[in-house]
Amino acid sequence: MATDTTVQRAARTRGDASGPAPGGRKRSPYPHWFYLPAAIVYAVLFLVPTVTSFYFSLTRWSIFDSQFIGFDNYVTFFQEPALVSGLWHTVVYAVITSGLKVVLGLGLAVLLTSQIMARGYLRSVVFFPVLVSTIGVGLTFTILLDPEEGLINESLALLGIQGPGWLTDPSYALVSVALVDVWKGVGLATLIYIAGIVSIPGEYFEAARVDGASAWQNFRSIVLPLARPATFTVILLSLIGGLRSFDLIWAMTRGGPGFTSDVIASVIYKQYQAGFYGLSTAGNVILFLLVTAIIFPLSRYLNSKEVDL
Amino acid sequence: MTASSLSRKRPLLSIVAILLSLVVFVVPFAFIVLTALKSRQEASLLDFSWPTQFHFVQNFIDVVQARDYMLIIAFINSTILTVASVAILVVLAAMVAFVLQRRRTRWTGLINFMVLSGLIIPPAVVPTIWVLQKLGLFRTMPGLILIEVAFGLSFCVLLFRAFIATVPRELDEAAIIDGAGPLRLFFRVILPLLRSVIITVVVVQSVTIFNDFVNPLYFLPGDQNATVQLTLYNFSSSYSTQYNLLFMDILLITIPPLIMFLFFNKRIVAGMTAGAVKG
């Protein structure tokens, strides 16, 4: 034990040497400088860009110099129909994906917490796409959704249905990509709902059984209200993901045909590639405002409706 | 389980569910595997059929050799990126979460706000490139590693904080009475107790960073240090007529997450549903 104490003393003096003494008095065992390494990385690579984006969005910006031009980038953004439609598509995409993830995720979770066969297999198979590369999923489904030779339309043809040009028809492209997003992401929603449903105390179901409640009444009056925190999590997560989603859309349609499946994130990339850094950053600021305008009030509202189990 | 201890196993519902799961979830993966095994001509038909001849080895060699062993380089790059970022993330996030959970000061509110902002706010792309360029880190692997760390911190801090709340403070006090300083307390006493949540963080973040496409696309462009996701994306244009190779590529890139899934299913589930019950 003697060696131990010397090591401890050494460790303590080392601890004393680093880090400024907060308050000067008794040193806390939980020093503030533990925040420092993370704070530096976070501040330099996340906060600084976020804050400066507001300034750069007001400039004409090449990689070498920037020139202040006021709100011209925003004017350009909102005058260009292709860019404005990107804003609208972003909202549509986020609403479709998160709506379907809530409905399907809840349905699957109820199914997968009930007594059915092969439950473990079903849970795994629903969840696995979450872990697969988005680009891989996007490329695979681009081929499966091919209007002539794709497996999906060939199967539909066997049933006598003429499938649409999922990704080539302007009126379907965005929705098709959103459906693939749901395919890939519904497993996470299901998992979250399963965790929520499993945490509901058994007494509720026992009481319901004593009262002779039907399966539907069980769902309506127990599962639905008590799984509400899970619903909030699913809605928030999938809205955050949906509003900024880029890779799936880029892998499947690159915003096409035309601009019919362009979202803000793909607009940002296209303007960046074209060298319009100021305009690209304005797109970023618009996305920032859109996300905060939707998520912060929503999360406050949802948290205020929190239930106690 | 709770909801359904009332009902027995329902065979009809089970069979319908299993059949549906086969069509919806298994067929796409089976399609990837089957196409990866086919010859070029057969693959170009895009049929869901058993290959007449297995070309696994040939396709594998062709994909690996394509563009001067690009895929190998990409796998090495992705591995470096994933391992380095995850290692840094674990240490930095655990340090933040530890102090954040244990000590309430005027900083606590601000830091909680920052953690939430990091989850919600979409990163500003071009200004980040500008910062990286000023630091001389644009188009470099260290730059991309730090980016992944910065963007992943929030999620990891939340996971660690929730877990540290379950570690009794008496342990800290005992260590302090024994004369341990903050560093020793954290690295020798607390960190070893976080084993299970560290595994969760490592697994979830590895899969996320390995699958990341957007950040390498913006911050590490160029063939030299392409990651696997970028390589796959670039291959997709040159392989537009060689579907067997494209799907072999997809197959190879799906294997690392599959291994993670097979070994750490429970940990992944724990990490991804951490916020669900509390809301």
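The legends below describe close-up views of a predicted model. Residues are numbered from 1 along each chain as its sequence is written, and chains are lettered from A in the order in which they are written. Local features need pLDDT of at least 70 and side-chain atom pairs count only at pLDDT 80 or more, whereas totals for chains, interfaces and linings use all residues.

**View 1. Chain A as a whole.** Chain A holds 14 helices and 2 strands, which are DSSP runs (H or I, at least four residues, for helices; E, at least two, for strands) numbered from the N terminus. Of its 309 residues, 44% are buried, that is, 20 or more other C-beta atoms, placed from the backbone, lie within 10 Å of their own.

**View 2. The buried face of helix α4 of chain B.** In this helix (residues 106–120), the buried residues are B:Met114, B:Val115 and B:Gly118. Seen down the axis of α4(B), they fall within an arc of 100° and so line one face of the helix, the arc being that of the directions from the helix axis to the C-beta atoms. On the other side of α4(B), B:Arg106, B:Gly109 and B:Phe113 are exposed, with 12 or fewer such neighbours.

**View 3. The partners of that face.** The buried residues of α4(B) pack against α2 (36–56) of chain A together with α6 (141–164) of chain B, where contact requires C-beta atoms, placed from the backbone, to lie within 7 Å.

Notes:
Two residues are in contact if their C-beta atoms, placed from the backbone, lie within 7 Å.
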